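Visitor: I would like to learn how to read the packing of helices and the pairing of strands. Please show me the model, then take the features in turn.

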Amino acid sequence: MDSRQRAVPIFAYHRVHSDDDPQMPQVRPDNHCGHVTTTTFARHMAAMAKRGFKTVCHEQLAQWIYEGRDLGEEKVAAIGFDDNRLNVLENAMPVREQYGFKATVWVISRLADGRLPEMEVYGHLNWDHLGQLHERGWKIGAHTATHPFAPYMIRGTAGPDGAKRYVDDLVECNDTIEQNLGFRPQHFAYPGGEWNDESESLVLRFYQTARLWICDDRPYAYNTWEANPYRLQAINVSMHMSQDRFEQLLDGAM
């Protein structure tokens, strides 16, 4: 397939709960937290496999956009998991390995340290867990140190030094990933999918690509070879999304 004709979907998940998990939150149309059950996730992956999709990582997307490298003959998509949650290792990894799909974990570094109590309601992936995933072929991307929403930190409550605080947060995340896993992340995902021009001007200093997301009931624009690499668009997948809707998104890329 001509690389210029590609339409690449990116799917953003957050948590993959066991089907009987008592911590599975109530799903509402106005709640797009990105949590799904293991059965739902397995159905999504089966639908991708049935249609002949292969998965690519953000490094391949960067090479495609920057260098025009071919992504292969197959239909392709990218999968990511925000917020380094433990149930990704417990529940998503076995499904992912069944199909041989690639995936990225977007890491909040202080959560991996166990130093972000407000986000520890659900179990988190620590550095040992993340090392295990990386050894099994998962990619590790940056998701900040403390999960700030960029527009609010840079323009809002953080005050006049918001931009500096945001950069400090990015640097801390990058440094901590390198200290624990031995490499600096080259790709970034915005917490909450929140983005603005100011944050992009800061993020591009450190990464090759940056990923946004939109809620799963909005119109979705696929990523093409002409995409701005710092505005790669993902769709946030939650239990609010029907199987039919997920399959429509796959078929739209074909």
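Visitor: At what angle do helix α5 and helix α7 pack?

Guide: Two packed helices are described by the angle between their axes and the distance between the axes. Here, in a predicted model, α5 (residues 127–135) and α7 (residues 162–181) pack at an angle of about 70°, and their axes are 10 Å apart. That makes α5 roughly perpendicular to α7, a term for angles of 65 to 115 degrees. Axes are lines fitted to C-alpha atoms, for helices over the stretch in contact, and angles run from 0 to 180 degrees between N-to-C directions. Helices are DSSP runs of H or I with at least four residues, strands are runs of E with at least two, and both are numbered from the N terminus.

Visitor: Which residues make the contact of α5 with α7?

Guide: Contact means heavy atoms within 4.5 Å. Trp127, Leu130 and Gly131 of α5 meet Thr176, Ile177, Asn180 and Leu181 of α7. These residues divide into four nonpolar, three polar and no charged. Ala, Val, Leu, Ile, Met, Phe, Trp, Tyr, Cys and Pro count as nonpolar, Asp, Glu, Lys and Arg as charged, and the others, Gly among them, as polar.

Visitor: How far apart are the axes of α1 and α3?

Guide: The axes of α1 (residues 38–50) and α3 (residues 86–99) are 10 Å apart, at an angle of about 20°. That makes α1 roughly parallel to α3, the term for angles under 35 degrees. The contact involves Thr38, Phe41, Ala42, Met45, Ala46 and Ala49 of α1 with Asn91, Ala92, Val95 and Tyr99 of α3. By type, that contact has eight nonpolar residues, two polar and no charged.

Visitor: Which strands pair with β10?

Guide: Two strands pair if DSSP finds at least two bridges between them. β1 (residues 10–13) pairs with β10 in the parallel sense over two bridges, and Phe11 stands opposite Ile235. β9 (residues 209–214) also runs parallel to β10, joined by four bridges; Arg211 has Leu232 as its bridge partner.

Visitor: Why is β10 described as largely enclosed?

Guide: Buried means under 20% relative accessible area (1.4 Å probe, protein chains only). Four of the five residues of β10 (residues 232–236) are buried, so the strand is largely enclosed by the rest of the structure.

Visitor: What should I know about the numbering and the values?

Guide: Residues are numbered from 1 along each chain as its sequence is written. In this predicted model local features need pLDDT of at least 70, side-chain atom pairs count only at pLDDT 80 or more, totals for chains, interfaces and linings use all residues, and side-chain values use heavy atoms, with hydrogens and water left out.

Key:
Angles under 35 degrees count as roughly parallel, over 145 as roughly antiparallel, 65 to 115 as roughly perpendicular and the rest as oblique. Buried means under 20% relative accessible area, exposed over 50%, partly exposed in between (1.4 Å probe, protein chains only).
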